[in-house]
Structure formats: C-alpha cells, structure tokens
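Here is a friendly walk through a two-chain model, taken one region at a time. Keep the structure open beside you as you read.

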Amino acid sequence: MFLSNDITQNTEMLDRHVVQPADPQHPTILSTEDLHVYYGKKEAIAEGDLRFASNQITALIGPSGSGKSTFLRSLNRMNDRIATVTGRIMYRGVDINQPDIDVYEMRRRVGMVFQRPNPFAKSIYDNIAFALRLRGVTDKHALDEIVETSLKQAALWNQVKDDLNKSALALSGGQAQRLCIARAIAVKPDILLLDEPASALDPVSTSQLEDTLLELKQHYSIIIVTHNMQQAGRISEYTAFFNQGRVLEYDTTSHIFTNPQVQVTSDYVSGNFG
Amino acid sequence: MKSTEQLEQQLKRHSKAAKLEIWGKVVSFSALLLIVAVVVAIIGFVASKGLATFFSNHVSLWDFLSGKSWNPGVTDAHGKPEVGALPMIVGSFLITILSAIVATPFAIGTAVFMNEISPNKGAKILQPVTELLVGIPSVVYGFIGLSVVVPVTRAVFGGSGFGILSGTCVLFVMILPTVTSMSVDALRSVPRYYREASLALGATQWQTIYKVVLRAATPGMMTAVVFGMARAFGEALAVQMVIGNAALMPGSLVDPASTLTSVLTTGIGNTVMGSLQNNALWSLALVLLLMSLVFNLIIRLIGRKGRLQ
C-alpha cells in the first residue's frame, strides 16, 4: 500500500474532473455540464462533466454498470424515450439537450455505432444509402460516390466492391461492424460515438477496427466506450474512468494508465477488479 | 467382481423416473396420433362425398366450377343437373379479398400505434379491446350486421341492403382483431437494434417505422393478412345473416349473393344423404377445404421466405 500513498483515497476531493484538452490544435467540440441521467427515479449518471477534444479519440472505461454506455447514449439523445437526462450537452457552443433541438438533424452530426453489428436486412449499398435517401439524396452518381468513399474510409471497400448488391446480413461480424461505421459516416457527422464496437468481434477483426478508427480520427472526433483496457491504451488520447455513475477521473490516457489519481482507477486499470 | 455386477444391476434397473418418461412419450404420441387421424378422416370423408358428385352423378368438373346456375334438384335443357358453383366461389373470394383489403390498413395502423407509437396505451387499452373483439361470437356480429349494417346499406346504396357489401362490413370487423394482433406480433419480432440503428442515423420515428420496421415485418404482416383471409373465407354464420343467400352471380356489391359457406349452412339440412343435392353441397365443402389448405400453404411459404431473408 505504501506505493500508492500519493493516490487520493477520498474521491470527494476531486469533485470536478474536467479536463480542458491542452492541445490548442484540438479544441473542445463537445462537453457536458452537470449531466444527470435517471431511469425512473434511479439515478444512473450523477455529475458527468467532460470535455471532448476534436479529432481525437476519447475512451470511456469503467466496470459494468458504471454508466459509461448510458452516458454515451445521452450524448446524441438516444436515451430520450428511455431515461430522463438533465444538464447541458454543449456541441460547438449549442446546448443540444434542449427540448426544441431537432434531434434528427443533431444525430446526423453526432453519429453512433452500437455494440452489436446491426446492419439492416438490405443490400450493402442500400444500408449506406439509407440515411442519405432519407435526406433526399436521389442522384445516383452522388450516392455511388458517397457509398464508395464511406466504405473506403471504413476499410471495407476492397472486400465488398463487387458485392454491393448482396445482402448485408451475409457479412462476417467484423465486416458488418465496419459497414455500420461506413453507414454512420456516410452522412458526414462531426462526432462518432461508439458503444463497445469490438466486444462482439474476434481479435483480428478488433485490430482491423482499431486501425480504421485511428484513420478516421483525421476526419471525425471519436468517443468510444470500451471494456478493453488495452484497447483504450492503444487508440485513445484521453480516457475517462467511470465508476458507479460518476466520472472518477479524466485525463490523457497515458496519465490515467501510469499515474492515476484515485485508488479505484488504479485498481481498475491494473486489473485488480472489474 | 461382485461390485461390478451390482453396478450393472443398478444401472439396468428401470427407475420410476424412466418408466414415467416412457408413459409421457406414449401419452403425447397418442394425442398426436388422434389429431392426425381426425384430420385424415375429415379430409377423407369430405373428399369421398364431394368427389361423388363427379364420379357417381357424372357431373363434369368444368360444369361445376364454371356453371352459373345453382339448383341441384333441377335439370337444365340438356338434361344436366344445374350444379354451377361459380356464383358461390366468386362470392366467397370477393367477400374475402374485399374485407382483407379494408381491414389491412386499419390493422397495420393499429398495430403500429400499439407497438411503436404508444406502447403503454397500446398495452393498457388496445390489447384488451382487441382480445375482446376476438371473443365475440359470430352470431352477435351477424345480428348486429342484420340490424345495423343492412339497413344502413339499404338507405345509402339502395336495394335490399343484403349483399357482398354488408358481408364485407361485418367480416372486416370480425377479422380486424386477428390481423391486428398478429401484426403486433410481427412488429414485436423486429429486433430493437434495427430501430436504434435507424434513429442513430438521424431518421425520424416515422421514417424508422416506414422504412425499417415495416419492411422487416413484411413477411409477418403478410401472414397476418392471409390468416385473416382464411378466417373470412371460412366464416359462415355472420355472412349468411347479411348476404342475402341468393345463389346468383352478384351483379353489384349490393345485390343479394351467396358464399360457399352460406349455401352449405342453409342447404345441408334440407337434402337427403346420398342424393345429388347432398353430394353437390359436399363438393362445395371440398372446395372450402382445399382453399383453406391453400391458405395454409401460402402462410408456410411466406414464413419460409421470411426466415431465409
């Protein structure tokens, strides 16, 4: 225990864990202020105050039930009909947690990829064109071009370019998940939220997916929930540690892993629990 | 050595549980046998009676299916009995298809409301109402049809009020709950992640319902409609009360007409077993039976196609 003498045992002392990204090249694109999430009367998130840097990957880690997925789903209002979300979610200076925000337009800018690959029972092409067609893009050439660039960005183009009209349900798990990423970036969002995107994938697919995310960072700001500590270490610049509905710690990933300020974080990243 | 023998004895002895196991298999297998026997017997009986018209009474199948006058006791100018079933076949199909066409949009709308738009109200109010509608006996539907629908049809469209239109109105209400509750099941079986994926791409709720949920539920919805049609096709009592029971080719939707079932229920008590009049009715029953088999086949085909997707 003497090794961790400098680690604060009292979490109350660190009641604001907001980090302004220090790098001026990556200004804050999204931040939450005083965010609380309730399922009925049960509070799932108490005080989630975080700022997210643009064109960086931020990992949300923490044990099961710590609220990291709930937090992520609140960011693009996917919890609207499920939970009550109070507080502010500032996106480029606009609070998108207001009732009069057009959530459909907002979700175009803040896209999401889920834990389980969930392609529609349509062709690969139609999966990607889905959101574009909803927005009135009917021009065949425009659609073709966006489908191609999206698939290329998601590193799937070479595998499926001859099978665009085949059912997306025939893809393997890793391919299906990359299709879901291609589908999400087809509408050119600002921010990409990923909810444990690799948890249903094998190690090879996972590693390919991580490479893809590192490429995508150039164009999108990425927030990823992950159970996998090594994954957070490999790909993210910033890491937030969630425990029991609170953000216990938020810092650069290297800092969280090498010099955690809270005992629980230290235990978690070193594998002592969770 | 002794212990091996003991063990073998113990393992070979049939325990009480093992005997019960055999008993359970026997009981459930005999139940299955009974049901199969009943189905085979019904099909065999109806077929032997219904085919007698063609084999014993030498009515040609073509005359039966295409003839337009139904009066089995009478012979026509050529000395052939008048057993043209076309008016009833047309009546049955017309009333079935029309009621399905009217009921489907209402059923889908109700199902979408119950499952997608307002699951709470759907579960609390609409579900019990739908179940109640299923439980109302068909004679009650027929009676309401007779005392409400027929007079209204008469006042609005003229004629006697009896006919395909009144029958369609009554059947529409009768098959609506069936189609609705099966459509709800179809919607419920669409995985939640389809909806999430669509919403996360910025689709509105209506776009999600229309472009994703309903598309994915189409096989189930079609099964629901075909089930409703099967029910409409086989319904006898309520239809008989409002359709007018004239074995004539319906000239319009408000002319008195008849269906396979309505002719059967009105005629079967007035004929002698073994006579041509009686056999001709059994032929109608055979057509009904074959049609319900066809409906079943369609449902199975849709189900298989839905699974393949």
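## Ground rules

Helices (H or I, at least four residues) and strands (E, at least two) are DSSP runs, numbered from the N terminus. This is a predicted model, in which local features need pLDDT of at least 70 and side-chain atom pairs count only at pLDDT 80 or more, while totals for chains, interfaces and linings use all residues. Residues are numbered from 1 along each chain as its sequence is written, and chains are lettered from A and ligands numbered from 1 in the order in which they are written.

## Helix H1 of chain A and what follows

Let us start with burial. A residue is buried if 20 or more other C-beta atoms lie within 10 Å of its own, exposed if 12 or fewer, and partly exposed in between, with C-beta atoms placed from the backbone. Eight of the eight residues of H1(A) are buried, so this helix is largely enclosed by the rest of the structure. Among them are A:Lys68, A:Phe71, A:Leu72 and A:Arg73. Just after H1(A), A:Arg77 takes a positive phi of about 60°.

A:Asn76 sits in the loop between helix H1 (68-75) and strand E5 (84-91) of chain A. Is A:Asn76 buried or exposed? A:Asn76 is buried, because 26 other C-beta atoms lie within 10 Å. Two residues are in contact if their C-beta atoms, placed from the backbone, lie within 7 Å. Leaving aside neighbours within four places in sequence, the contacts of A:Asn76 include A:Met106, A:Arg107, A:Leu193 and, from the other chain, B:Ala200. A:Ile191 is 115 residues away from A:Asn76 along the chain, yet their C-alpha atoms are separated by 9.7 Å.

## Strands of chain A

Two strands pair if DSSP finds at least two bridges between them. Strand E1 (residues 28-39) of chain A runs antiparallel to E5(A), and seven bridges join them. In this pairing A:Val37 stands opposite A:Val85 in E5(A). E5(A) also pairs with strand E6 (residues 94-95) of chain A, in the antiparallel sense over two bridges, with A:Met90 opposite A:Asp95. E5(A) and E6(A) form a hairpin with two residues between them, and A:Arg92 in the turn has a positive phi of about 50°.

Next comes an open sheet of six strands in chain A, in the order E7-E8-E9-E4-E10-E11 with mixed pairing. E7 and strand E11 (246-252) of chain A stand at the edges with a single partner strand each, so one side of each is left without a neighbour in the sheet. Axes are lines fitted to C-alpha atoms, for helices over the stretch in contact, and angles run from 0 to 180 degrees between N-to-C directions. With direction ignored, neighbouring strands of this sheet are turned by 15° against each other on average. E7(A) pairs in the parallel sense with strand E8 (residues 191-195) of chain A over four bridges, where A:Val113 has A:Leu194 as bridge partner. H6(A) packs on the sheet and touches E7 and E8 of chain A, its direction making about 170° with that of E7(A).

## Where the chains meet

How many residues of chain A are in contact with chain B? There are 19 residues of chain A in contact with 14 residues of chain B. Helix H2 (103-109), strand E7 (110-113), helix H3 (124-134) and helix H6 (173-185) of chain A each give two or more residues to the side that touches chain B. H2(A) gives the most, with four residues. Ala, Val, Leu, Ile, Met, Phe, Trp, Tyr, Cys and Pro count as nonpolar, Asp, Glu, Lys and Arg as charged, and the others, Gly among them, as polar. By these classes, the side of chain A that touches chain B has eleven nonpolar, three polar and five charged residues.

## Helix packing in chain B

Helix H8 (residues 192-200) of chain B and helix H9 (residues 205-234) of chain B pack at an angle of about 155°, with axes 10 Å apart. That makes H8(B) roughly antiparallel to H9(B) (angles under 35 degrees count as roughly parallel, over 145 as roughly antiparallel, 65 to 115 as roughly perpendicular and the rest as oblique). The residues that meet include B:Tyr194 and B:Leu199 in H8(B), and B:Val212 and B:Ala216 in H9(B). This contact holds five nonpolar, two polar and one charged residue.

The axes of helix H4 (residues 86-117) of chain B and helix H7 (residues 164-188) of chain B come within 6 Å and cross at roughly 40°, which makes H4(B) oblique to H7(B). Their contact has 19 nonpolar, nine polar and two charged residues.
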